Amino acid sequence: MLHPLLCDSSAATKASMIPSALSSSGSGARSCIGPSPISEMGLKFSNRAGNGPGLVSKRGDPVKHTTANVSGQRAQERVLVEEEAPEVSETTPSLKIFPGQAFPLGVSEVDNGINFAIFSQHATAVTLCLSLPERGKFGRLDGGMMELALDPHVNKTGDIWHICIEDLPRSNVLYGYRIDGPRGWHQGHRFDSSIVLLDPYAKLVEGRRYFGDASNKFSRFLGSYDFDSLPFYWGENYELPNIHEKDLVIYEMNVRAYTIDESSGLDPKIRGSYLGVIEKIPHLLELGINAVELLPVFEFDEFEFQRFPNPRDHMINTWGYSTTNFFAPMSRYASDGGGPLNASREFKEMVKALHGAGIEVILDVVYNHTNEADDANPYTTSFRGVDNKVYYMVDMNNNGQLLNFSGCGNSLNCNHPVVMELILDSLRHWVIEYHVDGFRFDLASALCRGTDGSPLNAPPLIRAIAKDAVLSRCKIVSEPWDCGGLYLVGRFPNWDRWAEWNGKYRDDIRRFIKGDSGMKGSFATRVAGSADLYKKNKRKPYHSVNFVIAHDGFTLYDLVSYNFKHNDANGEGGNDGCNDNFSWNCGFEGESGDTSVKSLRSRQMKNFHLALMISQGTPMMLMGDEYGHTRYGNNNSYGHDTIINHFRWEQLDARRRNHFRFFSEIIKFRRTHHLFRQENFLNKDNVTWHEDNWDSYDSKFLAFTLHDHNGGDIYLAFNAHDFFVRVSIVRPPGKRSWFRVVDTSLESPDDFVRDGVPGIGSTYNVAPYSSILLEAK
């Protein structure tokens, strides 16, 4: 049992406490005693064989997707699959049905059965659709579909529709809703009762079982539940890592791409799965990171680009930034097509194993939009059909059209009280049920907009997340911009809790290292913790999440190998992906492959990595950069389930002794030296800048010393000139001497020597496009 449902009087009390949008209509709470006859509930039951449930209307008509034309608007709900008319059974299951209760939303087990509750303020009719499992055949959908029409006078409290069924199985039931309401598009409504909708609060989602299975390309998604399984056993000695933000080193990764390649050497049944991640934890430990940031793991439809002919219909969504449901783990990341229940369990096993290795789990979450696209090519699966006007921002001054601050066709109405509570419930669910340690919010500036799309100075949702008791232990990180031009780097509403992806750090580091003029001061500001952005109120250096590379954009290898993006494979005519990459190919290799160019590229990658790991703030690196992964110049590879995105384990093995070794050692050096992990911003007592001409536009050399106060000072110099710079080295403190730990101009293993190389004199000849790190010993 999960949560006991509130008793009848409590449900009525709670319904009266919710926002007015939830309680504007309805007959109030009703008694749960006394079953209603099935015939009075409008039940219809069908048997059919095949891969999907036999959905029928109350008339027994097969379900089809229709094209609606309302007030000149064209809703292209294209036919996804033609279904044979199901056979209607002459007998119906013997079920006892009760009015049910309004809370909690979703599915819950109560004393007298299974309760279903869904919010829809504007609905005029709601029908619960159920598919029962064939006895003894777990996971099959052959059990048929029944429909229960909810009576608004009996099954409605406020704006919540509910029903309780006594005799349902406690697991392996699939369910969805047909919902009808006003058809006025100009009023923001998109109701279509022909579509069976996914419950926004479904905790498990059933769809196709295997990722990229083209034979089930048009699978519908239905909710499911499980009250049979015992609670997951986290272990007697299980503990959360609870790593301080200043000590984090984040590794941004994709669950599927991490192990799906054959070179992973894993059993094909677990490649690309949560269990596959577990098998490769030793690599993460060898690399030295202590937090993974997982690209979206909420249920999404990887075939969303292939619903109708379009320039992108050859691609598969492999990044996952197109949420179908905010509570269910991606079911096709389960091993061997195991389905949603196995996905849930295996996700917990992954979190438990990562925590056992001292690695935190941060989820990249997408609450700015959903998979349901726009009005030109809508893909109605859930929110749009449940109550479009509530769940999405609509422009009531423009015939109820969807507002789009996400670049994906719609914008979730995040600061509406109902949607805000949905998001908070979702976040709490991932913390309580799955023990995750934090969240990175995609296009978080979109979450700072009011219901009409206008920016808010104090967005209720952002404040609620910062103040929530359950989320208080979590890392919360914003991507502080959206596709509507709301750029909030350094200005994101934060309540001294929110960290930010520091886009200015990325740009300034890239420009200095590649040799742009006039960037020395900006480079110094960024490696010192971006005090210009974050030294406000009680914010700290670690509220800057520093990155040079992220999932969207060039990989580190491509950053030093391409001057321009090469996105032709995406099918968008090269119009997608960022044009301002601040990249440099380090010269032309020629047909024979110029070794000096290759050497420079290697050196530049090491320079970027060193700068990232010695900077104050929280560093984040991208999966694959530790061996020099290439996407062949594609800086927007979201739709390629190929080697463009897949981790290449054979390349890691080939570069383990040089490139990987350097990256791993630098990470571990950071984690064992507190000078790079200051809790407060640097001042004159803990840093000395060896520079008296900050305004020199042509200067591309910077040196500074971080003071340990116990003698273990660190001296750093970065030379972005194309010539050697002979620099005078300051005397080390006390009776100590300088030892060279890093010189990126040297070949492995001399580029990093953990114990340091002695004999450093009063000057050092810093090579072109290189950097050094000296430690006082």
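**Chatting through strands, a helix and some rings**

Reader: Which way do the residues of strand β21 point, and are they buried or exposed?
Author: This is a predicted model. In it, K475 and V477 point one way from β21 (residues 475–478), while I476 and S478 point the other way, and all are buried.

Reader: What does β21 pair with on the β20 side, and how do they run?
Author: Strand β20 (residues 438–441) is joined to β21 by 4 bridges, and the two run parallel. F441 stands opposite S478.

Reader: How does the chain cross from β20 to β21?
Author: Through helix α8 (residues 460–467), in a right-handed β-α-β crossover.

Reader: And what about β22, how many bridges there?
Author: 2 bridges join β21 to β22 (residues 499–501), again running parallel. S478 has E500 as its bridge partner in β22.

Reader: New topic: how much of helix α6 is buried?
Author: Helix α6 (residues 383–391) has 8 of its 9 residues buried, including F383, R384 and Y391.

Reader: What covers those buried residues?
Author: Among the elements covering them are β7 (113–119), β12 (171–180) and α7 (417–432).

Reader: Switching to rings, how many aromatic pairs are there?
Author: The count comes to 44. One of them, Y258 with F647, is edge-to-face, with 5.6 Å centre to centre and 75 degrees between the planes. Y258 is in helix α2 and F647 in the loop between β24 and α14, 389 residues apart.

Reader: Why does Y258 count as buried?
Author: Because its relative accessibility is 0%, and buried means under 20%.

Reader: Which ring does the charged end of R190 sit over?
Author: The ring of W185, 4.3 Å from its centre.

Methods. Residues numbered from 1 in each chain as written. Predicted model: local features only at pLDDT ≥ 70, side-chain atom pairs only at ≥ 80, totals over all residues. Heavy atoms only, no water. Buried < 20%, exposed > 50% of the residue type's maximum accessible area, 1.4 Å probe, protein only. Contact = heavy atoms within 4.5 Å. Pairing = 2+ DSSP bridges. Right-handed = clockwise from strand over helix to strand, strands pointing away. Phe/Tyr/Trp six-rings, centres within 6.5 Å; stacked < 30°, edge-to-face > 60°. Lys NZ or Arg CZ within 6 Å of the ring centre and 35° of its normal.
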